[in-house]
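Welcome! Please take a moment to look over the sequence and the model, and then let us walk through them together.

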Amino acid sequence: RAIRNHRALFGRRLLRAMQVRVCNSISGDEVMVFQAEPSWKAERVFPQLGHLSEHGLRRLRLFCEDDEVLPDRSLGSLGAGDSLTLNLVFAPQRLATACWSQGYVKLWNMHTEECLWESRHESESYGCLSTVSVSPPGADVPCMVTTSDDGTAKIWHLETGECLSTLDHEGAVNSAVFAPDGSSVVTASSDGSARLWNAEDGQPLWTMWHEAGVTSAEFSPTDFALLTCLENNMAMLWFMDEERRDHPLKLEGHEDVLGSATFSPDGTLALTASRDDTARLWDAKTGKLVHTLRETPGECEGPGRRVIAAFSPDGKLVVTCPVGVATAKIWSLVTGQCMRTFEGHSARLCCAAISQDGTLLVTASCDQTAKIWNVATGECLNTLEGHEMIVDSACFLPGGTGVLTHNNSGTAHAKVWKVETGECIRTFVPDVSLVALVK
């Protein structure tokens with residue numbers, strides 16, 4: 001009798017099981033499919049999202065049409081039968097943009113293409129904007145920062161568009177980024193300094209002087225170190241603890257101007273890229289050289305040539321994009337050897353980025369297209385066509401099912417594309433010369 005009851009109960013559970021299909025709310029692409037029961041609530045559903053659940057319930061939301069999956073609401077209450085389709089929303093899905101020539105600063109809703117607010121980076125002297133960046137999730141005050149060659153950076157309240165503070169340099173400000181906790185901002189300037197500021201009130205905290213102009217500065221993911229990229233052939237590591245604060249490390253060895261400098265996701269390595277046809281990996285604690293990733297000699301020849309290099313989000317791979325040629329390369333961090341070359345564009349590349357799971361690569365080119373590639377095979381999966389000018393940048397949206405591209409020439413605009421089909425599903429115009437995702 002007990003066996004019969006168990007079988008009956010098991011049978012009822014089988015009959016009640018449903019197939020749940022999860023789709024990206026922006027691109028419409030399928031993210032995953034899993035089996036569930038009508039009684040499941042948010043605490044049972046979200047762990048099924050695998051690596052996406054690392055974003056946390058605060059940043060992920062699931063909807064069945066207009067009804068949301070909540071801690072006190074079951075899948076069955078959404079009217080589900082044998083199958084259910086849920087739309088995955090990375091909340092909030094917004095896009096911060098700026099117009100480099102006219103100074104307009106805007107925030108967009110990526111679902112509706114609605115401009116939420118608009119302001120302007122005003123200055124006493126005419127200047128062009130150079131970068132836009134947003135504070136990380138969890139910051140006490142959500143902000144964005146814009147930089148200008150008029151010698152200023154401005155911090156904006158992300159919700160209202162109010163200018164909270166102006167950060168002054170004596171030369172063009174080339175970049176500004178927030179600390180991992182959002183409490184401070186570091187700016188890099190052609191006046192030879194990188195400066196640390198309190199993000200809440202704009203008060204200066206620390207000035208790091210260099211022997212040349214500074215093109216970029218960024219925080220280590222651990223928030224205890226800074227990496228600056230100079231206008232000459234050198235980068236520098238700065239440490240924020242009192243013992244080492246006055247003893248930065250010089251990353252020397254490149255034979256030409258640097259194009260980029262960045263930390264690995266775990267903060268243990270620094271990556272620099274130069275016009276000398278190399279990218280170099282350094283120990284971020286000691287400044288010692290770990291690997292040299294060498295491009296084919298002379299491959300990057302031409303005026304304005306430079307190499308840009310970046311880590312994959314999981315820190316296992318490096319992608320190099322020699323600006324001036326039409327190929328990108330993937331390198332192993334273990335061996336320092338090139339694993340694969342991606343060829344197919346008809347004009348030089350502007351950038352390359354790897355998806356969160358390390359399986360896809362997106363490249364942006366002067367041939368007015370972006371391409372999505374399979375990292376393992378080198379196969380081009382889709383060509384994204386629709387821009388009428390150079391595609392200046394491309395990156396994957398959270399979840400990996402969408403790609404954001406933008407061009408800052410002509411009628412500057414940004415586009416969102418489906419990864420699976422290459423279909424353009426969103427366009428943001430006008431005045432979209434610089435872009436940053438609000439995560």
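**A walk through the chain**

Let us begin with an open sheet built from four strands, which follow one another in the order S33-S34-S35-S36 with antiparallel pairing. The edges of this sheet belong to strand S33 (393-396) and strand S36 (424-428); each has a single partner strand, so one side of each is left without a neighbour in the sheet. On average, and ignoring direction, neighbouring strands here are turned by 20 degrees against each other. Please keep in mind that this is a predicted model.

You can follow one of these pairings more closely. Strand S35, covering residues 413-418, pairs with S36 in the antiparallel sense over four bridges. Within that pair, Ala414 stands opposite Phe428 of S36.

Now move to another part of the chain, where strand S15 (residues 193-198) meets strand S16 (residues 204-209). These two strands pair in the antiparallel sense over five bridges, and Arg195 stands opposite Thr207 in S16. Together S15 and S16 make a hairpin, with five residues between them. Look in the turn for Gly202, which has a positive phi of about 75 degrees.

Next, turn to the nonpolar side chains. Which residues have the most contacts inside the largest nonpolar core? They are Leu62, Leu75 and Leu86, and the core they belong to has 20 residues. At least two residues of this core come from each of strand S1 (18-24), strand S2 (30-36), helix H2 (42-45), strand S3 (60-64) and strand S5 (83-90).

Finally, step back to view the whole chain. How many helices and strands are there in the chain? There are two helices and 37 strands. Of the 439 residues in the chain, 53% are buried. Among contacts between residues at least 6 apart in sequence, 44% join residues that are at least 24 apart. As for the surface, the chain exposes about 19300 Å², and carbon and sulfur atoms supply 47% of that area.

How values were computed. Residues numbered from 1 in each chain as written. Predicted model: local features only at pLDDT ≥ 70, side-chain atom pairs only at ≥ 80, totals over all residues. Heavy atoms only, no water. Pairing = 2+ DSSP bridges. Axes fitted to C-alpha atoms, helices over the stretch in contact; angles between N-to-C directions. Core = buried A, V, L, I, M, F, W, Y, C linked by side-chain atoms within 4.5 Å. Buried < 20%, exposed > 50% of the residue type's maximum accessible area, 1.4 Å probe, protein only. Contact = heavy atoms within 4.5 Å. Areas by Shrake-Rupley, 256 points an atom, 1.4 Å probe, with all protein chains shown as cover.
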